[in-house]
Amino acid sequence: MDILRFATAGSVDDGKSTLIGRLLFDSKAIFEDQLEAVERTSRDRGTEYTDLSLLTDGLRAEREQGITIDVAYRYFATPRRKFIIADTPGHIQYTRNMVTGASTADLAIILIDARKGVLEQSRRHAFLTSLLRVPHLVLAVNKMDLVDYSQERFEEIREEFTAFASKLNVGDLTFIPISALNGDNVVSRSENMPWYNGSSLLHHLENVHIASDRNLVDVRFPVQYVIRPQKANDHAFHDYRGYAGQVAGGVLKPGDEVVHLPSGLNTRIASIDTFDGPVEEAFPPMSVTLRFEDDLDISRGDMIARPNNRPHVAQDLEAMVCWMADGAKLAPRTKLTIKHTTRTARALVRDLHYRLDVNTLHRDEEATSLGLNEIGRVSLRVTQPLFVDNYARNRLTGGFILVDEATNGTVAAGMILEAR
Amino acid sequence: MLQRDYTTSQLDVLEAEAIHIMREVAAEFERPCLLFSGGKDSIVMLRIAEKAFWPAAMPFPLMHVDTGHNFDEVIEFRDRRSEELGARLIVASVQDSIDQGRVVEDTGRRASRNRLQTTTLLDAIEEHEFDAVFGGARRDEEKARAKERVFSFRDDFGQWDPKNQRPELWNLYNSRIRKGEHIRVFPLSNWTELDVWDYIRREGIEIPSIYFSHTRKVFERDGMLLPDAEVVQRGDDEPLFEAVVRYRTVGDMTCTGAVQSTAATVEEIIEEIAATRITERGATRADDRASEAAMEDRKREGYF
């Protein structure tokens with residue numbers, strides 16, 4: 001059994017909570033005491049139906065205001081897969097939450113109300129999914145029961161959305177007509193839409209192929225921690241020196257020739273160690289410890305790659321950033337801390353090229369700053385070299401966060417476009 | 001052309017993620033510690049710590065906030081396991097906090113030291129100058145926890161502000177704090193109760209005996225089975241009876257209920273949990289029943 005992480009975007013009106021509630025309920029991930037608590041609260045508030053959003057809206061402020069503020073993580077499993085849902089609010093003021101949820105997602109579900117069709121917010125959600133390079137996108141056309149299960153309406157929405165998506169980087173796009181309320185095409189195929197030949201939503205989630213979404217070609221091993229047992233009486237490990245980390249790309253094997261960055265020196269992998277014994281290969285997302293044939297000066301923040309396939313060693317980055325801070329803004333000359341893989345440095349914003357309107361994709365080149373939830377293209381100068389790939393090639397070696405040096409808050413997420 | 005699919009099981013993915021989180025903490029903080037209660041989640045967390053730093057010893061001490069109301073079997077397990085690992089165990093005692101007048105104990109039948117633990121925990125964090133504290137909490141346990149970060153920032157009063165959390169992207173964690181502040185770190189955030197049990201089975205990890213079915217004298221209160229013990233105040237209208245029970249969670253005797261169960265092995269427990277329709281906290285924890293937002297309120301104050 002493997003894991004599929006997916007993000008859901010949409011507002012309460014689109015039936016998102018109903019859909020999640022149904023997936024959880026039908027897979028028995030909602031428990032009786034949770035359901036009873038939700039029914040009780042719904043009743044106390046005079047709501048006529050059982051408001052399943054109360055399951056996910058856990059914070060006091062959210063329940064008081066009837067809104068979703070933050071990313072909520074929910075879990076369920078079927079015999080085929082374990083699922084982690086990052087449930088994100090759909091409004092524009094919560095763009096940062098959707099970006100956060102999408103950063104680790106294998107798949108995103110965007111909900112569209114069949115009566116309303118493709119709205120501004122659907123386009124925004126699709127754009128953010130593509131910006132964060134979520135490999136699979138599902139457009140769930142919901143409330144089909146309210147348009148008489150019309151194939152014509154579904155095809156209209158499909159055509160309109162396909163035309164828009166052609167401007168984006170969407171790898172795999174699937175359209176599914178559903179009714180979350182009635183359960184049509186959610187868990188099993190609906191008899192109300194005999195014209196639809198595809199999978200139900202759950203069947204799609206269980207079967208979508210995600211193993212090859214990882215980069216298994218470019219070897220990237222950011223050194224995270226140096227392991228040196230200092231047990232005086234333990235001779236077996238007296239001279240042990242291992243380099244621990246989580247594989248960010250490629251497949252490593254003992255005997256492989258590798259290059260250490262920043263030194264540029266070559267060595268070979270002597271062994272790949274784990275608590276459970278040495279392994280014959282390591283690939284994402286394994287956490288392992290490497291030992292090398294030569295004694296090199298290696299420390300946290302360094303990178304292991306292949307001599308003929310290296311990341312860019314760069315201090316000048318071109319990147320798309322999503323600004324996430326409430327107060328401060330991003331503008332040229334802003335100085336920040338950058339965290340990229342296991343390396344931390346300081347960064348200077350040299351230039352803001354444009355601010356992107358996330359609804360229309362219009363580029364405002366007159367923009368002088370980015371505020372909360374705004375996205376733009378920037379040039380950064382970093383105090384020490386980073387070992388980077390384009391975000392489109394590898395999400396782990398192409399993504400970074402920016403930290404405000406005064407407040408210590410995480411103020412931006414960045415996706416590298418180019419490096420020099 | 002790749003020879004194979006390179007698929008990874010859900011337990012391997014969760015373990016790799018938890019190891020990554022532990023190593024980040026060890027690399028970026030001066031004085032971490034790991035909260036070890038002898039409960040199953042902290043036992044799994046301890047195994048992850050063993051794996052993350054092997055063949056070196058784990059580079060931080062263990063800490064237990066001892067209410068004095070714990071089950072004997074669990075305290076025995078805690079001490080034995082710490083010794084086997086050669087780990088330093090710090091016991092922060094709620095009784096000491098009471099004796100020092102830092103907290104005042106509730107009285108009456110429903111008195112519980114659960115809430116008092118927060119003061120003891122925060123005092124210990126301050127005394128030992130811990131800047132990162134590992135906890136075994138999972139997001140599937142409770143809806144306030146469903147929204148908590150893996151690296152969860154606490155101000156210098158130990159408080160959690162759910163509306164002002166740091167965004168967490170990819171596998172990048174922000175470890176920046178000022179002196180006096182700390183980060184609570186939850187390596188098992190993405191694990192479910194069933195994942196924890198599957199992992200215990202796969203790894204053959206030992207757990208305290210009270211998780212398995214046994215015969216115990218109990219009484220019923222609010223639909224929960226509480227144990228017959230000196231520290232649990234029982235009324236005349238709450239008769240004792242013998243029952244075949246086990247514990248799904250391990251907490252204070254005063255507020256942790258047993259469930260009727262004949263599950264005597266890890267396999268049987270997994271079967272039971274896969275079929276159950278009630279959450280572990282709903283079934284067994286009086287402390288979460290106080291209000292809709294009981295957990296959020298306690299977490300805001302600095303609770304685990």
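## A pair of facing residues

In chain A, A:Ile272 sits opposite A:Leu290, which belongs to E12(A). Keep in mind that this is a predicted model, where local features need pLDDT of at least 70, side-chain atom pairs count only at pLDDT 80 or more, and totals for chains, interfaces and linings use all residues. As for labels, residues are numbered from 1 along each chain as its sequence is written, while chains are lettered from A and ligands numbered from 1 in the order in which they are written.

## The sheet in chain A

Strand E11 (residues 265–273) and strand E12 (residues 287–292) of chain A run antiparallel, joined by four bridges. Strands here are DSSP runs (E, at least two residues), helices are H or I runs of at least four, and both are numbered from the N terminus. Two strands count as paired if DSSP finds at least two bridges between them.

Zoom out and you get an open sheet of seven strands in chain A, in the order E7-E13-E10-E11-E12-E9-E8, with antiparallel pairing. E7 (221–222) and E8 (225–227) of chain A are at the edges with a single partner strand each, so one side of each has no neighbour in the sheet.

## Chain B as a whole

Chain B carries nine helices and 10 strands. Its C-alpha trace spans about 70 × 50 × 40 Å along the principal axes. The radius of gyration of chain B is 19 Å, which agrees with the value near 19 Å for a compact globule of 304 residues. That radius is taken over C-alpha atoms, and the globule rule is 2.2 Å times the number of residues to the power 0.38.

Of the 304 residues in chain B, 54% are buried (20 or more other C-beta atoms within 10 Å of the residue's own, with C-beta atoms placed from the backbone).

## Where the chains meet

The contact takes 51 residues from chain B and 53 residues from chain A; two residues are in contact if their C-beta atoms, placed from the backbone, lie within 7 Å. On the chain B side, the elements giving two or more residues are helix H1 (10–28) and helix H2 (40–53). H1(B) provides the largest share of that side, 10 residues.

## The nonpolar core

The largest nonpolar core has 189 residues, and those with the most contacts inside it include A:Ala140 and B:Leu34. Such a core is a set of buried Ala, Val, Leu, Ile, Met, Phe, Trp, Tyr and Cys residues joined through C-beta atoms within 7 Å. Beyond its neighbours within four places in sequence, A:Ala140 is in contact with residues including A:Leu19, A:Ile109 and A:Leu201.

Terms used. A residue is buried if 20 or more other C-beta atoms lie within 10 Å of its own, exposed if 12 or fewer, and partly exposed in between; C-beta atoms are placed from the backbone.
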